[in-house]
Every structure is written in C-alpha cells, then in structure tokens.
Amino acid sequence: MSNLRLINETTASSVSSVDVTDVFSADFDIYKISVVGDFTNTNQIINARFINSSGSVVTASNYNYAILSMESGNLFVEDRNQNQNYMRRMVYSHTGVDFGFVLYIFNPYSSSSYSFLLSQGTGAPSGKGTSNKGIAVLKQTASMTGIRFYNVDFTDISVKCYGLRVDS
Amino acid sequence: MPYIGTQPNDVKKNTGLYTPSEILQLTKDGSWGGSLELIDSLSWTSTTNNLEFTNLKEDIYDVHIIQVKARPNGPSGSFYYRTSSNGGTSYDSTTGNYQFAVQRCFANGTFDEQKSNNAGVIELYGNAGATVQARSNRTTYMYNAGNPNKYTYFTDHSTCDNNGFNSTFGGGVRSSASVVNAIQFFTNAGGGFANGEAFLYGVKQI
C-alpha cells in the first residue's frame, strides 16, 4: 500500500485552461500532481495559479518563482521573478509532441502558511527535448483548494492529484 | 471511489484513513492498493551490464517511475537510458532519435550543462564511484510510453558520490513517436554494475 491517495482526475480537450478544484483539504498537507497532454501552438509555456477556498483564481501579485529550463539544443535558461500574478513555466513544449510534468505542493490548504510548489517537467519546444525544474510560492496565508493551468490552448490534458498520506 | 475524504472517525488529521467497508469497496473497484503499482524489480550482486525492464504495462500506465540504486564497477562513468519497441529484443540506438539536457551539480563548486539534440541514447550523467558507499541513486519519471503517436519523455534526478558529492537533474526524450514497451539502463563505468537494485512503478489511474 503506497502513501499516495488518488484524490481526483481531471481530463479535458480543446480548452484554454484547466481548473482542478476542491482537491486540497485538511486531510493532507502535501500533494502530488501529475500532468500529461498536448496543445495546439508552437513553443508554449504552461503557467499556473492557485484557486482559493472561495473558488476564485488568485491573480494577486504575490507569487515568486525560479526555474531552470534545460534545453537540449540551446543554452540553459534561468527564469525567475518576484511579485508576479502567476507561477511560470510548469513545462515548455510544442504542439504535436506532448508534455509531462509533476508538481509537489506543500500546505496549500493551511491558512497560516504560504503555499509552496516544486515542479519538474519535460517537453520538446521546436522539437528539442527540454526539461525544467522549478520552485514557486504564493505569499498569502490563505486557504487554497485548487489550481489552474493556463496560457496555452490544450488539445488534451489529464491531471491526476494525489494526497500524501501520513501514518503518525 | 478512489478517495473518500474526511472520515468522521479519524483520530488524526491528514491521515487518509479508510474504514474496512470502504477498503472492501475500493478493492471491488480495483482502486485499493495505493496509487503506485510495483510492476517489476531487479536485484543483483554480480556484474550486470544492462538493467532491463521488459514488462512496462504501458497499455495501462501513461506515467511510470523508475528508481535505481546501483554501484558501478568503476568510477567516473555516466548513465544512460535506451528504449525498445519490440519488448526488449533490441534497443533503439539510432542517432537522432533521442535528445537530453542535464544540469550537473558538484559539491566542489562546479555546475555544468550537458545536452544533445541529436543523440542515440539518453545520457543522464551522475558521477558515481566504485566504492561500496558511492552508489548512484536516481528517480526517473517516464511519460507516454504506451502511446504510438506521442514522444516518450523522461525527467530524472540523481545523487551520488565519487570522491565528492554530486547530483544531477534534467531529462530527455525519445523524439521518435512509437510505443515504448521495454527500457534499458546502463553505464560505461567499469564495464557494468557491480550490485544494486532497481524498481519500476506505474502511477495508477482511476
């Protein structure tokens, strides 16, 4: 028996954003999200925002992020910023070649701590294999219950959200 | 019914506990057993050149996790993945069918970039030594192996020691769409792996 609890699977096609709602709760502190899919345009970056307990997408400029994008055919890119209204670059890929990424999210439901995110993704912008690894934080002590992925037109996307069970 | 939510009789928060009746229901639904399935494991104590998983259950899982804890016969080599579309009868080494990009991090202060967009193998690095405590430890995610129309992607993170700690993170892709139904992991350090173990998991779907 593993310590992952599958909470929700969200699938969609022909959409410009995907909301995964009502997945973060008091039941777990740490969540793992795995995502696979494809989109319609060339060389696109998928971004993310949290959804709060009122069901609203958080667009306040309270996000910080830092990502290293490792491209097989180009220089590696450091992509970082503070006080932004989104979390950037969950993955970087290209139409027709798909993508995959995994996130770990810490304390999203807690109203007394910030929500932290680790990302690890892989795609192929311009047909060149690319991996990225990043961190992000929402500097709000508010309760988050979901997450939005956006910034591209998805041809298809599958999002699976797991809670990490704690035994003691 | 993969997840039931807060239980009224839970004595602790954040435990994801189930009642016996819920376990029975989950078992009937095929959802009991957690969200990782151990598909296969390898363990060896004498020199082994190639670690191969030839049963990926790629028709069931679109995301896999591979964990390797292995000690090479010699120091200072690298580590590689290749894929097969014929169940492991042969492994694709066609130049141009793979790409990779990896950041290497050495505790002595050196960080460097390793990459290729025209490779015959996914090279993921990791500078392990041949001493007992200097194994290469790594976790790899693999995406879309079973889809004939999609590339098969890998992300990887490793930690090891060779007279100095080092780690790697990055990934690669088989940029030739095909079903991948077997994978091979190997090293050029000292002619193979002296000992170790490896595990292949499928990330369960509802």
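Mentor: In chain B, eight strands form an open sheet in the order β1-β12-β3-β8-β9-β10-β5-β6, with antiparallel pairing. Strands here are DSSP runs of E of at least two residues, numbered from the N terminus, and two strands pair if DSSP finds at least two bridges between them. The edges are β1 (36-44) and β6 (111-119) of chain B, each of which pairs on one side only. On average, neighbouring strands of the sheet are turned by 10 degrees against each other, direction ignored; the axes are lines fitted to C-alpha atoms, and angles run from 0 to 180 degrees between N-to-C directions.

Within the sheet, strand β3 (residues 63-72) of chain B pairs with strand β12 (residues 193-203) of chain B in the antiparallel sense, over 9 bridges. On β12(B), B:E197 is the residue opposite B:K69. Strands of a sheet pair through backbone hydrogen bonds, either parallel or antiparallel.

Residues are numbered from 1 along each chain as its sequence is written, while chains are lettered from A and ligands numbered from 1 in the order in which they are written. Chain B has a mean pLDDT (the predictor's confidence in each residue, from 0 to 100) of 86, and 86% of its residues reach 70 or more. The model scores ipTM 0.77 and pTM 0.84. Where pLDDT is low, the predicted coordinates should not be read in detail.

How values were computed: Predicted model: local features only at pLDDT ≥ 70, side-chain atom pairs only at ≥ 80, totals over all residues. Helix = DSSP H or I, 4+ residues; strand = E, 2+ residues; numbered from the N terminus.
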